[in-house]
Amino acid sequence: MTSARPLDRFRSSGLLWPLVAIVALLAANAIVRPSFLALRFQDGHLYGSLVDILKNGAPTMLIALGMCLVIATRGIDLSVGAVVAISGAVTCSYIAAAPDPTSARAALVGMGMALALCAVLGLWNGFLVAALGIQPIIATLVLMTAGRGIAMLITDGQIITVRNPVFRTVGAGFLVLPVSILIAIAVFVLVAVVTRRTALGLLIESVGINPEASRLAGLRARTIRWTVYVFAAICAGVAGLMISSNVSAADANNAGLWIEMDAILAVVIGGTSLAGGRYSLTGTLLGALIIQTLTTTVYSMGIAPEITLVFKAVVVIAVCLLQAPKVRAALGRRTRRRSAQPAPDAEPGAERSEQTPTGPIVEKVTQP
Amino acid sequence: MSVDAKQAPRAAGRPPVVQMRGISMEFPGVKALQEVDFRLFPGEVHALMGENGAGKSTLIKVLTGVYTPTGGVTTLDGQEVSFSGPAAAQDSGISTVYQEVNLCPNLTVAENILLGREPRRFGAIDGRATRARAAELLADMGLDVDPGSVLAEHPIAVQQLVAIARAVAVDAKVLILDEPTSSLDQDEVAELFRIMRVLRDKGVAILFVSHFLEQVYEISDRMTVLRNGRLVGEHLTQDLSRINLLSLMIGRELGALEELERLADQAGEEASAAPVLRATGLGRKGSVAPFDLQINRGEVVGLAGLLGSGRTEIARLLFGADRADSGEVTVDGKVVQLRSPRAAIASGIAFCSEDRKGEGVVADLSIRDNLVLAMQAAAGWARPIPRKTKDQLVEKWIKALDIRPANPDALVGRLSGGNQQKVLLARWLVTEPKLLILDEPTRGIDIGAKTQIQKLVAELAQKGMAVLYISAELEEVVRLSHRTVVMKDRAKIAELDQHATVDDIMRLIAHVGERTEAVAG
């Protein structure tokens, strides 16, 4: 019985269904193409579809982490996609124009400038939201729209290609695992430690749940809100470096296009409410992985990429439904009736039915 | 409706319109109701009595379909019913006005009254007819409110009456009023009671919940008493004396009130003349006229006045929640700039807002997190309070203030009003403030918790804390305070000493503009 406690806590943490969804997706892939799970070690690198998922998912994960904290304060940041484009544009333009475009110095200065600019953009978002009190969705819409324009100005409307080994490491390099995923994991650990080992997480949640009560309790509500926008923009900046580094080019039009939507989805799939308050970093990470696994699944199964979005939609609907209190209650009732003797101390409603509803999701995804 | 509506209050011969049998309601870890029976007759005002957490609100929510009970049967007009939600209950003729105004502040008064039932024309809402119908309803209630005005522009009291107008707008068989009078002044209460009597005589069954005993005795015909989620009795109001009712509700002897008086007297003698806070010419345009105020160590200063007289405004200025545009404040002799609540807290000032839900507790956080929030905010995010210290503090204050449930992980939003208030108080007490500002700390909470909180205030003062105490209940202010500041029309009009009586205050407030006489002493 001692093992029951952590299990219960895990069940009530809301991480169960995202995890089930990932496992189901991976299983479906493995069934269709057994080599999917294979890993190869070659020249000190790890290769395989799983590694690709991590590598390609890293930018979304990073942005989703920033988004998660913003959403926890009752906000939202639509501008991250534009920030991705600006970050890549600044770095590549600087490197391309540097006296020695292949030098480490050019890469480092370029990336430093890009991140500094992203921090300024985050300050701008935070200023609109926290200082002026504009609704976050509108405030960040400003930069979402203007940001790509800024990126176009920086690149002169061209796709700028660079050849710089140091810059290339960020998005395409390997240290056994892809460097990009190592960065994403490092940021995740950093955020988890900073928010959960200190009181920052509590203060962020408090501001998200009741801003006025938090202010009257002496919290620096404005500073906290401001800070999360800066953090989100810096995360987007790093993601922008990864994306442009991976293709050695800055594409102001397409880099990070719609990535804000993926990030918001990842946060929601991970069980954080858009109404703010309680947030889950682990859930967010799982959410980002689900989205990336799904994209990879579609490609690896040879399904036309145009339909990817439809599959995303289906999975998102399924996961969100499974998290809805009403659906959980209904499922709980069904399984209770089916199983002869329900556990006496289990909580009513919800997520005690591991066996039931995973089947349908997988079937829908793998149908064609 | 029946012909003999006049004798409706003693309608024992008629079948009840609502009958609930064996109602149980369990939340995870909490048994809110256990096998409660309840009946409600047409043409009566029925008071539902009980302490905080006794299950009154839960019973009402079961009756109105907000909760589905875990056991028991409800019948309406003899038919068994099970409502899927408040809308279904309303369609069957059960209308509710909840404790906190649940309207849309950004819509007009007329839209709020008729929301979901707007008169339609060619499928679209007929704005003119909506306003006309609402104006009619408001006129029936004798309320002078422009139906086209936006609800948020009106004070809470008017919003409350609008909520009642909304409930009356459907021809309800059963009207439930949960703490409708907690933000109303005398005249408004009289108005409400007039309307309640009219409805009762029409045969409407009215369920009335209030913590004001005198009001309950004035208006109700019958009462049901709950304690700790169980039924402890149903009585005709005329057959149950106040003292018997109290002992039914509380389940223990009432010695605390006398002890309280004694404590207040003692503290009075010990109140020193060392000013903790001194405000000179402090004011804010459109909010409160410049005033002087001094609060000494170990002293309770009461702030008395009608709703909207500027009581809360003073509290907010002293706490930095609003910025003053004139005057200065010193704390312990040093001038302080109260630019924000944070600055005020740093100077040792604490403030419990009257709006517990909106400005007080953080509903989705646990008792533990709520309790340490102010202390943690003062310490800064980088210096988390160690888990052990937290647990000790939380355990100490849950015990000291008798917070229920005594579970540190319980979400504060699930607690009853009185317990939320205690958590809020504890949040400030852990910061050991020099001056504690309490704005309506006993509003909407039961007698037991009320007495506990008043006693606590007296004890804190005795230990040397300065307290600014705001309450609409003048007797409470007079009983607790060493000095009473009287407010009227957003200005301080007088300051009375310990021997002030409720009559003195009433007289002061009643005599407009005669401020020269007003200095008692």
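Guide: A salt bridge here is a side-chain nitrogen of Lys or Arg within 4 Å of a carboxyl oxygen of Asp or Glu. This is a predicted model.

Visitor: Which side chains meet in one of them, say with B:Glu44?

Guide: B:Glu44 meets B:Arg222 in a salt bridge, at 2.8 Å from N to O. B:Glu44 is in the loop between β2 (30-40) and β3 of chain B, while B:Arg222 belongs to strand β11 (residues 222-227) of chain B, so the pair ties together parts 178 residues apart in sequence.

Visitor: Back to the interface. How many residues are in contact?

Guide: On chain B 31 residues are in contact with 20 residues of chain A. The two chains bury about 2000 Å² between them, and 66% of that is on carbon and sulfur atoms.

Visitor: Which three residues of chain B supply more of its buried area than any other three?

Guide: Those are B:Arg342, B:Leu373 and B:Trp381, with 28% of the area that chain B buries against chain A.

Visitor: What does α9(A) meet in α13(B)?

Guide: A:Leu202, A:Leu203 and A:Ser206 of α9(A) meet B:Asp369, B:Val372, B:Leu373 and B:Gln376 of α13(B). The residues of this contact divide into 4 nonpolar, 2 polar and 1 charged.

Visitor: At what angle do the axes of those helices cross?

Guide: The axes of α9 (residues 200-209) of chain A and α13 (residues 367-379) of chain B cross at roughly 105° and come within 11 Å. That makes α9(A) roughly perpendicular to α13(B).

Visitor: Now chain A by itself. How do α3 and α11 of chain A pack?

Guide: Helix α3 (residues 49-72) and helix α11 (residues 221-247) of chain A pack at an angle of about 170°, and their axes are 8 Å apart. Therefore α3(A) and α11(A) are roughly antiparallel to each other. Among the contact residues are A:Leu62 and A:Leu69 of α3(A), with A:Phe231 and A:Met242 of α11(A). The residues of the contact divide into 17 nonpolar, 2 polar and 1 charged.

Visitor: New topic, sheets. In what order do the 6 strands of chain B come?

Guide: The order is β6-β9-β10-β3-β11-β12 in an open sheet of chain B, with mixed pairing. β6 (94-97) and β12 (230-236) of chain B are at the edges with a single partner strand each, so one side of each has no neighbour in the sheet. From one strand to the next, the twist averages 20°.

Visitor: How many bridges join β3 to β10 in chain B?

Guide: There are 3 bridges between β3 (residues 45-49) and β10 (residues 205-209) of chain B, and these strands run parallel. B:Val45 has B:Ile206 in β10(B) as its bridge partner. Helix α6 (residues 186-201) of chain B packs on this sheet, where it touches β3, β9 (174-178) and β10 of chain B.

Visitor: And the 4 strands that form an open sheet, is their pairing parallel or antiparallel?

Guide: The pairing is antiparallel, in the order β2-β1-β4-β5 of chain B. Here β2 and β5 (79-81) of chain B stand at the edges. The twist averages 30° from one strand to the next.

Visitor: What lies across β1, β2 and β4 of chain B?

Guide: Helix α1 (residues 56-63) of chain B does, running at about 115° to β1(B). Strand β1 (residues 18-27) of chain B is joined to β2(B) by 7 bridges, and B:Phe27 stands opposite B:Val30 in β2(B).

Key
Residues numbered from 1 in each chain as written. Chains lettered and ligands numbered in written order. Predicted model: local features only at pLDDT ≥ 70, side-chain atom pairs only at ≥ 80, totals over all residues. Heavy atoms only, no water. Pairing = 2+ DSSP bridges. Helix = DSSP H or I, 4+ residues; strand = E, 2+ residues; numbered from the N terminus. Axes fitted to C-alpha atoms, helices over the stretch in contact; angles between N-to-C directions. Contact = heavy atoms within 4.5 Å. Parallel < 35°, antiparallel > 145°, perpendicular 65-115°, else oblique. Nonpolar A, V, L, I, M, F, W, Y, C, P; charged D, E, K, R; others polar. Buried area = accessible area lost by both parts, 1.4 Å probe.
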